[in-house]
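Have it open while you read, and look up each spot as we get to it.

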Amino acid sequence: SIEIRVSREVSNSYLTQLWQDSAFLKDRTDRRVELSDRFGKYFTFAVLLIAFSTLFYWWVVQPSVAINAFTAVLIIACPCAIALAIPFTYGNALRLLAGQHFYLRDISVIEAMQNLQLLLFDKTGTLMQAGGDEIEFYGDQLGESVKSEIKTLCEQSGHPLSRRIAALYATYPSQEVEDYREVTGQGIEGNLNGHHLKLGSAGFMGLAEDSKSSVYVNYDGEIQGAFRIKGRLRPGLDRTLPVLAQRYELSLLSGDNERERHLLAPYFKDPKLMRFNQHPDDKLQFVKAQQATGKKVMMIGDGLNDAGALRQSEVGIVVSDDTNNFTPASDAILSAPQLHKMNLYLTFIKQCKQVIWVTYGLALLYNIVGLSFAVTGTLSPIVAAILMPLSSVTVVLTGVALTSLLANKIRGG
């Protein structure tokens, strides 16, 4: 049996307060593909100007040619090729990225990722491999019964470190726990077989704070030793982070303490951008502060505590060991083992914009050649109608082919 005490109403919880922030209330449905909008506006204006100029010229010089020339200009300069370039090119890019376990919400995310300046990373579960820590016990030799009691007490907690310690002694039998108590962020304690057992931080034991990641064991009022946890980066990040640091500003926002600062400091140039003991709202406010300076921000996190920052950022990416576990606040989901490919993903996405310019160049070349015949009155509307779809097909095939070719670099990464 358990006793549950409600200390605050749900409406007062920190997650509820986070969800009520303006970042979650804003509507993102007005995101547009800006490049297409800008290009299309000028293209339409130019075509109409050329068409009516052609009409007026031939109406004065040779009226019998005016209508045909005017119609041929409008047909041959159809904006279909330009309109199709982005959906097909970026759509194929979405498909290719999904094949590499990087799932983007829609093509507007691709455009947002092309203008980034600051990359924010969560630590635990994102940069640091969840469940991949090395854990050892330093101290007095623990008896079989004590190991069993430690395992049992840790099983009562959902904290990742408790779970890791419980897994260390998984083969030992479970015991009955009485007067269990957990202090958030500090430790746990309870009575087992007539003994009082406490596990937690140095502060929870009344000791001076430890710079290392340690879980102390207090058995009947005496310190028996401590579990030392050595975190480690996800495989490949030791090569990826320095490359990203050459192209972007990198920042670390962690809810944990600074025990692993020494491990991560070489990858983050500015110590002021490494922040620990950050609450969810702290992360959200940090993103807002950076955006206020004009920076385009991408947040990469793994949990609900990152939801506010993920939502506020221009791009929010959830790193997940299970792709069914994500937050709706995100713009993309990335399979955790693929995080080391982030530089390749960002490079590919930037190259997609270059592909768009290539397809626009082809469309523009086609229109220049076609219009040169149309304005002279030598191109009939029927021939123009036959030639017009060819430009659209060319643009679509070029966009799809080039993105597929560029994606090969990700597969080999």
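Predicted model: local features only at pLDDT ≥ 70, side-chain atom pairs only at ≥ 80, totals over all residues.

1. Start with two helices, H4 (residues 63–76) and H13 (residues 342–374). Their axes come within 9 Å and cross at roughly 170°. An angle over 145 degrees counts as roughly antiparallel, and H4 and H13 are therefore roughly antiparallel to each other.

2. Which residues make the contact between them? On the H4 side, look for Ala-69, Ala-72, Val-73 and Ile-76. H13 brings Tyr-366, Asn-367, Gly-370, Leu-371 and Ala-374. Sorted by type, the residues of this H4 and H13 contact come out as seven nonpolar, two polar and no charged.

3. Now turn to the surface. A nonpolar patch there is formed by Tyr-57, Trp-59, Val-60, Val-61 and Ile-67, and together they have about 570 Å² of accessible area. Helix H3 (residues 34–61) gives the most to this patch, with four residues. Val-61, for instance, lies in H3.

4. How many salt bridges does a search of the whole structure find? There are six. Take the one between Arg-105 and Asp-331, where the closest N and O atoms are 3.8 Å apart. This pair links distant parts of the chain, with the two residues 226 residues apart. Arg-105 sits in the loop between strand S1 (102–104) and helix H6 (107–112), while Asp-331 is in the loop between strand S12 (315–320) and strand S13 (332–335).

5. Last, a backbone detail. Most residues other than glycine have a negative phi. Asn-193 isn't a glycine, yet its phi is positive, about 55°. You'll find Asn-193 in the loop between strand S5 (187–192) and strand S6 (195–200).

6. Asp-220 also deserves a look: it has a positive phi of about 55° and is not a glycine. Asp-220 is in the loop between strand S7 (214–219) and strand S8 (222–230).

Definitions and conventions
Residues numbered from 1 in each chain as written. Heavy atoms only, no water. Axes fitted to C-alpha atoms, helices over the stretch in contact; angles between N-to-C directions. Parallel < 35°, antiparallel > 145°, perpendicular 65-115°, else oblique. Contact = heavy atoms within 4.5 Å. Nonpolar A, V, L, I, M, F, W, Y, C, P; charged D, E, K, R; others polar. Patch = residues over 30% accessible without salt bridge, like charges linked within 9 Å, V, L, I, M, F, W, Y side chains within 5 Å. Areas by Shrake-Rupley, 256 points an atom, 1.4 Å probe, with all protein chains shown as cover. Salt bridge = Lys/Arg side-chain N within 4 Å of Asp/Glu carboxyl O.
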